[in-house]
Amino acid sequence: MLQDGEIPMGPLFREMAKPLLPIGKAAVLLVHILNLLCKGLSPKKAGALWTDAGLNWKDFLSEDEDVKKFVTEQKLEFTLGEESENPSKKMLSAEELGKSLDRLIEDKANNQRILNWVEANLNEQQMTSSLFVQALMTSVCQAAIVCENPYKVDVEQITQRAKLLQKYLVDEQKELQVLYAIQALMVRLEQPANLLRMFLDTLYDEDVIKEEAFSKFGVQQRPGRARHGPQIRQTILHLAQRGRGRIR
């Protein structure tokens with residue numbers, strides 16, 4: 001079940017390692033499990049599971065232990081990811097990127113673990129791409145949807161991810177790109193009543209997206225989205241009124 005992803009590797013390994021960390025045996029246990037895992041999987045696949053789970057040997061070794069030396073001695077170089085084989089990280093497709101981010105967020109990975117995964121798996125070009133910020137925002141929003149009638153937004157989920165989103169939404173263009181991603185998500189969900197407005201309200205309150213980006217979003221509708229214009233314009237007007245209230 002670990003091999004096919006039914007049991008998330010990250011939470012399982014962390015939980016198993018907890019009682020062994022104080023006595024310095026956590027890494028020994030994980031080495032044994034990984035060796036068993038590699039009898040049914042290729043090292044590359046096992047390494048991908050390790051990397052996707054955001055696992056890092058630093059979390060299981062003592063502070064004075066050299067990670068690279070330990071990994072080399074145990075013949076577990078595949079857990080170091082693409083960097084150990086090739087300094088240039090491979091470009092992930094939109095589907096691969098979305099699935100990896102979905103998995104991390106579904107596992108309730110904290111922001112630092114997601115940052116670690118991004119730095120380990122994406123090159124600078126991908127980290128600053130529209131594809132990445134759109135995939136990240138889509139994963140965050142999907143996880144925050146409460147499937148009731150009517151749909152609701154789990155505001156706490158967005159609040160927890162606010163600093164993570166702010167790190168990558170470095171300019172107005174990136175903010176516009178994630179607004180397009182949210183709009184595309186609403187279209188896929190067949191425009192649930194008020195869901196778009198709830199998302200935009202929360203992102204505005206958390207200073208993830210600024211008023212200027214919302215204003216441009218209201219007038220720069222993409223082809224094929226015109227029929228959703230009235231709802232978007234109403235939401236933008238609502239946010240603009242709230243913005244004036246903030247200043248007062």
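On the surface of this structure, Glu-63, Asp-64, Glu-65, Asp-66 and Glu-73 come together as a patch of negative charge. Please keep in mind that the model is predicted.

**The negative patch**
- One of the patch members is Asp-66, and its place is the loop that links α3 (43-52) to α4 (67-73).
- Asp-66 has a relative accessibility of 45%, so it counts as partly exposed.

**Helix α10**
- Helix α10 spans residues 172-188, 17 residues in total, and covers 25 Å from its first C-alpha to its last.
- That span is close to the 24 Å expected at 1.5 Å a residue.
- Because 12 of its 17 residues are buried, α10 is largely enclosed by the rest of the structure.
- Among these buried residues are Lys-174, Glu-175, Leu-176, Tyr-180 and Met-186.

**Salt bridges**
- Lys-210 pairs with Glu-175 in a salt bridge whose closest N and O atoms are 3.2 Å apart.
- Lys-210 sits in the loop between α11 (195-205) and α12 (211-219) while Glu-175 belongs to helix α10, so this pair ties together parts that are 35 residues apart in sequence.
- Arg-113 and Asp-107 form another salt bridge, with 3.7 Å between the closest N and O atoms, and both residues are buried.
- Lys-18 also forms a salt bridge, with Glu-15 as its partner and the closest N and O atoms 3.4 Å apart.

Key: Residues are numbered from 1 along each chain as its sequence is written. This is a predicted model: local features need pLDDT of at least 70, side-chain atom pairs count only at pLDDT 80 or more; totals for chains, interfaces and linings use all residues. Side-chain values use heavy atoms; hydrogens and water are left out. Patches are made of residues with over 30% relative accessible area and no salt bridge: like charges are joined within 9 Å, nonpolar side chains (Val, Leu, Ile, Met, Phe, Trp, Tyr) within 5 Å. Accessible areas come from the Shrake-Rupley method with a 1.4 Å probe; for residues, only the protein chains shown count as cover. A salt bridge is a side-chain nitrogen of Lys or Arg within 4 Å of a carboxyl oxygen of Asp or Glu. Lys and Arg count as positive and Asp and Glu as negative; His and the chain ends are not counted. The place of a charge is taken as NZ of Lys, CZ of Arg, CG of Asp or CD of Glu. Helices (H or I, at least four residues) and strands (E, at least two) are DSSP runs, numbered from the N terminus. Buried means under 20% relative accessible area, exposed over 50%, partly exposed in between (1.4 Å probe, protein chains only). The expected span of a helix is 1.5 Å times one less than its number of residues.
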